[in-house]
Amino acid sequence: MPQDVGEFLRRAELCVHFRQEPWPEGKSAEDAERRDFIVRNIEQFCTGLAEEDRSLREKYRGESSVIKALDGAKEWEE
């Protein structure tokens with residue numbers, strides 16, 4: 001797998017992970033800190049994935065194994 005695709009897949013996996021994190025609804029400092037942590041990580045890992053996905057699909061359009069890997073990582077879109 002090309003390095004740029006591997007890095008994209010890692011980011012996509014982390015995006016999905018943080019979007020599925022339970023959202024602390026309490027008013028404690030710990031809950032506020034956890035919410036901030038989740039938001040920061042979603043912003044870090046999810047921002048730009050759609051554009052990067054399109055770019056990688058274009059770059060590797062003739063490589064079926066790469067396209068298949070990208071197709072398998074579409075959970076980040078949900």
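Buried here means under 20% relative accessible area and exposed over 50%, with partly exposed in between (1.4 Å probe, protein chains only). Everything below comes from a predicted model, where local features need pLDDT of at least 70, side-chain atom pairs count only at pLDDT 80 or more, and totals for chains, interfaces and linings use all residues. Residues are numbered from 1 along each chain as its sequence is written, and side-chain values use heavy atoms, leaving out hydrogens and water.

View 1. Helices are DSSP runs (H or I, at least four residues), numbered from the N terminus. Arg35, Ile38, Asn41, Phe45 and Cys46 are buried in helix 2. They sit on the same side of the helix because they cover an arc of only 135° around the axis, taken from the directions from the helix axis to the C-beta atoms. Helix 1 and helix 3 (49-59) are among what covers the buried residues.

**View 2. Arginine 11 in helix 1 (residues 3-19).** With 19% relative accessibility, arginine 11 counts as buried. Skipping residues up to four places away in sequence, arginine 11 touches Gln44, Phe45, Cys46, Thr47, Leu49 and Glu52; contact means heavy atoms within 4.5 Å.

**View 3. Helix 1 against helix 3.** Their axes, lines fitted to C-alpha atoms over the stretch in contact, come within 11 Å and cross at roughly 150°. On the helix 1 side, the contact includes Phe8, Arg11 and Cys15; on the helix 3 side, Leu49, Glu52 and Leu56 are among the partners.

Terms used. Helix = DSSP H or I, 4+ residues; strand = E, 2+ residues; numbered from the N terminus. Axes fitted to C-alpha atoms, helices over the stretch in contact; angles between N-to-C directions.
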